[in-house]
Amino acid sequence: MKQLKLLMIAVFCSIFGLSVFAQPENLYIIGGPFNANKPNWLHRDVVQLEKDSDNPKVFYYRGYIGYNTFGDEPGNFKILTSSNSWDGYHPVGDGNQLIGAAQIGVELGIREGGSDTKWTIPEDRSGDGYYEIKVDTENNTFLIENFTAVLSDFPVGLFLVGGPFIINEGNWSPSESKKMDRDGTNPDLFHFRGYLEHNQWGTEPGNFKILINARHWDESFHPEENTLLSNAIEQNTTIRRGGADTKWNLPEDGSGNGYWEFSVDAKNKTLRVDNFVHDLDYFDHVYIRGSAMPCGWNFSNEPEKMNKISRGIYSWTGNVVTGDFKFLKYDNSHLACYVATLENEVVTLDNAHTVTYEKDYGRLGNDYKFVIGEEHDDKLVTITLNLNTKTIMVSNTITDVDVVKERPVAVYTTQGKVFVNGMSDETYNVRILTVDGRQILHRTIEGNEGITIPKGCYLVTVTDKSGVTTIRQKVVVS
């Protein structure tokens, strides 16, 4: 009976031109021209279409489509309603629909389900080029609004492969290569915009090169000799196709870790770095998670956000309870994290504890946590993470929590100095007293400053320009 009802609904909808499918939230293109790392469609190299801002039933693809040089059905593609499903749209009719210059401005029909027909660009590559395609799921149409034929030597694209891109394999693998973005006007110009870091494991963890079509090692671009990527900052450097297996590299000391923007002109054989922002300048926030924190280990809760108060230094103020915690580099990943060097390392207030970075503790390294003991249960503290010195400091805080959150200030000691870190554009009054109440310093600072004082135990009070005490904290200088 249920099958009969569905059949009747389908017949009714067919007669009146209605669809039995729900309106898709997103659309994706998949097929031969988009096969990047592996030669078959099962790898699911999908590209999401852009949804019209005014009409949720209209989607656009704007980009390059070229006949592939390898793989299954290298010139065919179809449109999916989900990135992890094969359900989607096909050309109407019994055969594949050829597209190219002759189809500009012609509304082609589409249907949901049915026989597995595809759109096709010709093998002679006359259909290679930039497309502006409009897909209307309400009127079931496929329209090429614009097409510019361009015969590029690199129809599939360029791919970065090497140590910084290793995720699952210890050795270099084309399956883990990163596809570069093709320029919007020049089909032989490719861009990378993203975060890179020297890996912590694998073969040549800081080196990479550029593959052509991502399937063969012998088709690749290289620098003239092994060279730092930073050598190409704001200048064109020569690259070559084939030859000696030289690479670009990021230093092991982490000085090349950060956000990179670089471009490769595959036709003129040049590479240029347009922008680099180091780790310590790039991240505005680091995150804390753990049973000692208000968020706990529950993934449904947002981790506690640490705000950058100066280069490489982050601060958070709040109530902690007995439990453990660690620091996350990203708010949605527990792998890239800063952890303790000892298992269940108990935190001592106002003392520096060493942190170490683990990109993937499941593969290499540890997942050691810091621990808040029972004596500090339900205390208001300020936690400071200093990536310059790779230390953390937990300090008891006597202040108005709301004021601290609004205008964060952190006080900690290292290398015989008291450091006061506040907002870079703010002025603060700093008073330092001995434990018996004798004032040894009263100074006005702007933003951040390190103050040298003799060894001993002190009380540091920081007042903002309005006279509000933002922090009062005991420190020990050793």
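Which side chain makes a polar contact with the side chain of Ser 395? Asp 350 does, at 3.1 Å, where a polar contact is a pair of N or O atoms within 3.5 Å; within protein, one must be able to donate a hydrogen and the other to accept it, and residues adjacent in sequence count only if both atoms are side-chain atoms.

Before going on, a word on what you're looking at. This is a predicted model, so local features need pLDDT of at least 70 and side-chain atom pairs count only at pLDDT 80 or more, while totals for chains, interfaces and linings use all residues. Residues are numbered from 1 along each chain as its sequence is written, and side-chain values use heavy atoms, with hydrogens and water left out.

Back to Ser 395, which you'll find in strand β32 (residues 391-396); strands (E, at least two residues) and helices (H or I, at least four) are DSSP runs, numbered from the N terminus. With a relative accessible area of 1%, Ser 395 is buried. Buried means under 20%, exposed over 50%, and partly exposed in between, using a 1.4 Å probe and protein chains only. Leaving aside neighbours within four places in sequence, Ser 395 is in contact with Asp 350, Leu 380, Val 381, Thr 382, Val 411 and Gln 473. Contact here means heavy atoms within 4.5 Å.

Gln 473 also turns up among the residues that Tyr 458 touches, along with Ile 432 and Val 475, not counting residues up to four places away in sequence. Tyr 458 sits in strand β38 (residues 456-464) and counts as buried at 6% relative accessibility. Its side chain reaches the backbone oxygen of Pro 454 at 2.7 Å.

Now for the rings. The whole structure holds 23 aromatic pairs: rings of Phe, Tyr and Trp (its six-membered ring) pair if their centres lie within 6.5 Å, and planes under 30 degrees apart count as stacked, over 60 as edge-to-face and the rest as tilted. Take Phe 283 and Tyr 330, an edge-to-face pair at 5.7 Å centre to centre, with 70° between the planes. Phe 283 is in the loop between α2 (279-282) and β23 (285-289), and Tyr 330 is in the loop between β26 (323-328) and β27 (337-340), so the pair ties together parts 47 residues apart in sequence. Phe 283 is buried at 10% relative accessibility, whereas Tyr 330 is partly exposed at 28%. Elsewhere, ring pairs link Phe 34, Tyr 61, Phe 77, Trp 119 and Phe 142 into a cluster.
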